[in-house]
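Welcome to this guided tour. Please open the model in your viewer and keep the selection panel at hand.

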Amino acid sequence: MNRHNQPNEWKIQEVVDHFSDSRTRSVWEEISTLDPLGMQANIPTIAATTAIMEIPELIGRLKPDAKFVNNNQTVNITKLALDPVWNISALAEQLEITEAELRNSIFKWTSNKDILDSDKKI
């Protein structure tokens with residue numbers, strides 16, 4: 001619930017459950033180009049919404065189950081939009097360079113002084 005005691009529209013429970021699952025979290029250390037907790041970030045980097053799709057090529061080929069496939073052959077989906085966010089330390093490790101070297105290289109091309117601050121998790 002949000003501060004107005006209304007459901008959080010931006011949280012889709014299935015996505016929250018997936019991100020909370022220990023099997024999902026077990027591989028987070030390997031992720032270097034997105035923030036798995038981006039839906040809960042101050043500036044969200046993951047957005048999710050539900051939708052219903054009508055895919056002409058699949059009409060009549062799917063068995064309705066009222067969960068994924070509706071009686072009218074439309075399909076229930078969840079769409080995620082990801083804004084790339086770098087895990088600088090993990091990316092540096094994958095590139096086999098130090099975090100400082102990576103930050104300096106990024107600064108060279110962006111002139112963004114924030115990238116040089118190792119306290120900032122960018």
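Is L116 buried, partly exposed or exposed? Select L116 and show its surface: with a relative accessible area of 38%, L116 is partly exposed (buried is under 20% relative accessible area, exposed over 50%, partly exposed in between, with a 1.4 Å probe and protein chains only).

Before going further, some ground rules. This is a predicted model, in which local features need pLDDT of at least 70 and side-chain atom pairs count only at pLDDT 80 or more, while totals for chains, interfaces and linings use all residues. Residues are numbered from 1 along each chain as its sequence is written, and side-chain values use heavy atoms, with hydrogens and water left out.

**Colour by confidence**

Now colour the chain by pLDDT, the predictor's confidence in each residue, from 0 to 100. The mean for the protein chain is 83, and 90% of its residues reach 70 or more. Confidence is lowest in helix α1 (residues 13–20), with a mean of 83, and highest in helix α4 (residues 99–110), at 92. Helices (H or I, at least four residues) and strands (E, at least two) are DSSP runs, numbered from the N terminus.

**Back to L116**

L116 lies in the segment after α4. Leaving aside neighbours within four places in sequence, L116 is in contact (heavy atoms within 4.5 Å) with R103, N104 and F107.

Stay in that segment and select S111, which also lies after α4. S111 has a positive phi near 60 degrees, although it is a residue other than glycine. Most residues other than glycine have a negative phi. With a relative accessible area of 55%, S111 is exposed.

**Select α3 and α4**

Show helix α3 (residues 88–95), whose buried residues are I88, A90, L91 and A92. Part of what covers them is α4. The two helices pack at an angle of about 100 degrees, with their axes 8 Å apart (axes are lines fitted to C-alpha atoms, for helices over the stretch in contact, and angles run from 0 to 180 degrees between N-to-C directions). α3 and α4 are therefore roughly perpendicular, a label for angles of 65 to 115 degrees.

Next, pick E96 in the loop between α3 and α4. E96 has a positive phi of about 60 degrees although it is not a glycine, and at 74% relative accessibility it counts as exposed.

**Look inside**

Select I12, V15, F19, W28, M39, I46 and A48: these seven residues form the largest nonpolar core (a set of buried Ala, Val, Leu, Ile, Met, Phe, Trp, Tyr and Cys residues joined through side-chain atoms within 4.5 Å). α1 and β1 (46–53) each supply at least two residues of this core. A second, separate core has six residues, among them I88, A92, L102 and I115.

**Last stop**

Finish at R61, in the loop between β1 and β2 (75–82). R61 is exposed, with a relative accessible area of 66%. R61 and Q73 are 12 residues apart in sequence, and their C-alpha atoms are 8.6 Å apart in space.

Terms used:
Angles under 35 degrees count as roughly parallel, over 145 as roughly antiparallel, 65 to 115 as roughly perpendicular and the rest as oblique.
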